[in-house]
Amino acid sequence: MCQDCGCGDIPEGMVQIHTHHDHAHGHDHNHDHGHSHNHDHFHPHDHLSLENNRRTIAVTQSVLSQNDRLAERNRGYFMAKGLGVLNMLSSPGAGKTALLERTLTELQDRLPAAVIVGDLATDNDAARLRRSGAEVIQITTGSVCHLEADMIAQALQQMHLDGVKLLAIENVGNLVCPAAYDLGEKLRVVIFSVTEGEDKPLKYPVMFKTADIVVISKIDLAEIVEFNRDLALQNIRQIAPQAKIIELSAKSGEGMPAWCNLIESCCQVY
């Protein structure tokens, strides 16, 4: 996936993690992050075929094994902290930030929360979410079209999470590459809006097959865009029968109580 979309060609030092604070935070996060992560999906020792100056590489080992190991470390840390962690994924414009913004506001007296935001550029979403009073860390990925487990681990070193019960990770807007990267989350939330069409799960089956929760957002616009709810639900159930389905509007508030209750109950398991 990533070798085709171009995000494997990352200039050194492109990924940046930003805090909103001018002082350093002490942290008891003891993960080992001394490795060098080059995001290189190609292995020079694998079989090479040269034809008409084209280079074909047959990958014979999992390129995600290092990420999976780091994700398990993250997961152990989250469990030790008693953190309910959401990995929130969607295409651009589906409403991740609006949903998080409303969620943080509605749960601020019941569920202390923090957020990690991933974007290719700008910290606009992070700035919006800070209005809730929650601690927000921005990861600017440059040309990288997804977050990875080591990015999350580095961000955790800069966060104060004592007393926090919910950590929401707003992934880069993309329904392809992020599907392959475990971040150590407890729940994977895939969001698509009524404006995107009923066939989104059929077009991006890998992403939806990994979902614990599927959110249909912007339902206040469903009638205007002639959204076929029954067909959308059928498509979700066909691709992701394991997923809990929530229909909501962050703007009108419809469906938000069910969403907030679900997130709160998941965070109380630890």
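Biologist: What should I know about the numbering and the cut-offs of the model?
Modeller: Residues are numbered from 1 along each chain as its sequence is written. This is a predicted model, where local features need pLDDT of at least 70 and side-chain atom pairs count only at pLDDT 80 or more, while totals for chains, interfaces and linings use all residues, and side-chain values use heavy atoms, with hydrogens and water left out.

Biologist: How many helices and strands does the protein have?
Modeller: Both are DSSP runs, numbered from the N terminus: helices are H or I with at least four residues, strands are E with at least two. By that rule the protein has nine helices and 10 strands.

Biologist: What percentage of the residues is buried?
Modeller: Buried means under 20% relative accessible area, exposed means over 50%, and partly exposed lies in between, with a 1.4 Å probe and protein chains only. The protein has 270 residues. Buried residues make up 50%.

Biologist: Among contacts between residues at least 6 apart in sequence, what share joins residues at least 24 apart?
Modeller: Contact means heavy atoms within 4.5 Å. Among the contacts between residues at least 6 apart, the share that joins residues at least 24 apart is 75%.

Biologist: Is strand β7 enclosed or open, and how many of its residues are buried?
Modeller: Strand β7 covers residues 166-170 and is largely enclosed by the rest of the structure. In a regular strand, side chains alternate between the two faces of the sheet. Here Leu166, Ala168 and Glu170 are buried on one side, and Leu167 and Ile169 on the other.

Biologist: Which strands are joined to β7 by five bridges each?
Modeller: Two strands pair if DSSP finds at least two bridges between them. Strand β4 (residues 84-90) runs parallel to β7, with Leu86 opposite Ala168. Strand β5 (residues 113-119) also runs parallel to β7, with Ala114 opposite Leu167. Five bridges join β7 to β4, and five join β7 to β5.

Biologist: What do the buried residues of helix α9 pack against?
Modeller: Helix α9 covers residues 256-267. Its buried residues include Met256, Trp259 and Ile263. They pack against β4, α3 (96-107), β7, β8, β9 and β10 (244-247).

Biologist: What is the distance between the end C-alpha atoms of α9?
Modeller: The expected span is 1.5 Å times one less than the number of residues. For the 12 residues of α9 that gives 16 Å. The model agrees, with the end C-alpha atoms 16 Å apart.

Biologist: Which kind of aromatic pair do Phe192 and Phe208 form?
Modeller: Phe, Tyr and Trp rings (for Trp the six-membered ring) pair if their centres lie within 6.5 Å; planes under 30 degrees apart are stacked, over 60 edge-to-face, the rest tilted. A search of the whole structure finds two aromatic pairs. Phe192 and Phe208 lie 5.7 Å centre to centre, with 80° between the planes. That pair is edge-to-face.

Biologist: How many residues apart in sequence are the parts that this pair ties together?
Modeller: Phe192 lies in strand β8 (residues 187-193) and Phe208 in helix α7 (residues 205-209). Phe192 is buried at 0%, and Phe208 is buried at 0%. The parts tied together are 16 residues apart.

Biologist: Which residues does Asn235 contact beyond four places in sequence?
Modeller: Asn235 lies in helix α8 and is buried at 4% relative accessibility. A polar atom of its side chain lies 2.9 Å from the backbone oxygen of Glu198. Its contacts are Glu198, Asp199, Pro201 and Leu202.

Biologist: Which residues does Leu221 touch, not counting those up to four places away?
Modeller: Leu221 is in the loop between β9 and α8, partly exposed at 29%. Its C-alpha is 9.1 Å from that of Ser193, 28 residues apart in sequence. Leu221 touches Val194 and Thr195.

Biologist: What is phi of Glu226?
Modeller: Glu226 is in the loop between β9 and α8 and is exposed at 69%. Lys218, found in that loop too, has a positive phi of about 60° although it is not a glycine. For Glu226, phi is also positive, near 55°.

Note on methods
Polar contact = N/O pair within 3.5 Å; in protein donor to acceptor, adjacent residues only side chain to side chain.
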